[in-house]
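Welcome, and please open the structure in your viewer. We will go from stop to stop, with something to select at each one.

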Amino acid sequence: MSFTEFIMFVIERDMISNKFGIEIFYTAFKEACGEDFNAQANHGMLDNKKFYFAIGLLAKVLFSQENNPFEAMFSNMLVDKLMTSDCRRK
């Protein structure tokens, strides 16, 4: 998964807000990529293992007030969001 796909994923799951800006997601992505982020052959790509690591990092930040932030994060990711008339894409 590239950085663009990762950002589209968090936008679709309504995770970016005024409280949690895009810099948190960029940091989690970069941290999950590790040394591969600067490598020429695999610049900024997440495999399954790294994706779940990035989601785990985000869970600790986004749901820090919860008893189990990982469960809250996955519950939030799996719930389908209803689009209202003011949120529809044109």
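This is a predicted model: local features need pLDDT of at least 70, side-chain atom pairs count only at pLDDT 80 or more; totals for chains, interfaces and linings use all residues.

Residues are numbered from 1 along each chain as its sequence is written, and side-chain values use heavy atoms, with hydrogens and water left out.

**Stop 1: H2 and H3**

Select residues 22–33, helix H2, and residues 48–62, helix H3. Helices here are DSSP runs (H or I, at least four residues), numbered from the N terminus. The two axes come within 9 Å and cross at roughly 140 degrees; axes are lines fitted to C-alpha atoms over the stretch in contact, and angles run from 0 to 180 degrees between N-to-C directions. H2 and H3 are therefore oblique to each other (under 35 degrees counts as roughly parallel, over 145 as roughly antiparallel, 65 to 115 as roughly perpendicular and the rest as oblique).

Now show the side chains. On the H2 side, the contact (heavy atoms within 4.5 Å) includes Ile24, Phe25 and Ala28. Among its H3 residues are Phe53, Ala54 and Leu57. The residues of this contact divide into 11 nonpolar, no polar and 2 charged (Ala, Val, Leu, Ile, Met, Phe, Trp, Tyr, Cys and Pro count as nonpolar, Asp, Glu, Lys and Arg as charged, and the others, Gly among them, as polar).

**Stop 2**

**Stop 3: the core**

Which residues touch the most other members of the largest nonpolar core? Select Phe6, Phe25 and Met73, out of 22 residues in that core. A nonpolar core is a set of buried Ala, Val, Leu, Ile, Met, Phe, Trp, Tyr and Cys residues joined through side-chain atoms within 4.5 Å. Buried means under 20% relative accessible area, exposed over 50%, and partly exposed in between (1.4 Å probe, protein chains only). H3 gives the largest share of the core, 6 residues.

**Stop 4: Thr27**

Finish at Thr27, in helix H2. At 47% relative accessibility, Thr27 counts as partly exposed.

Notes. Helices (H or I, at least four residues) and strands (E, at least two) are DSSP runs, numbered from the N terminus.
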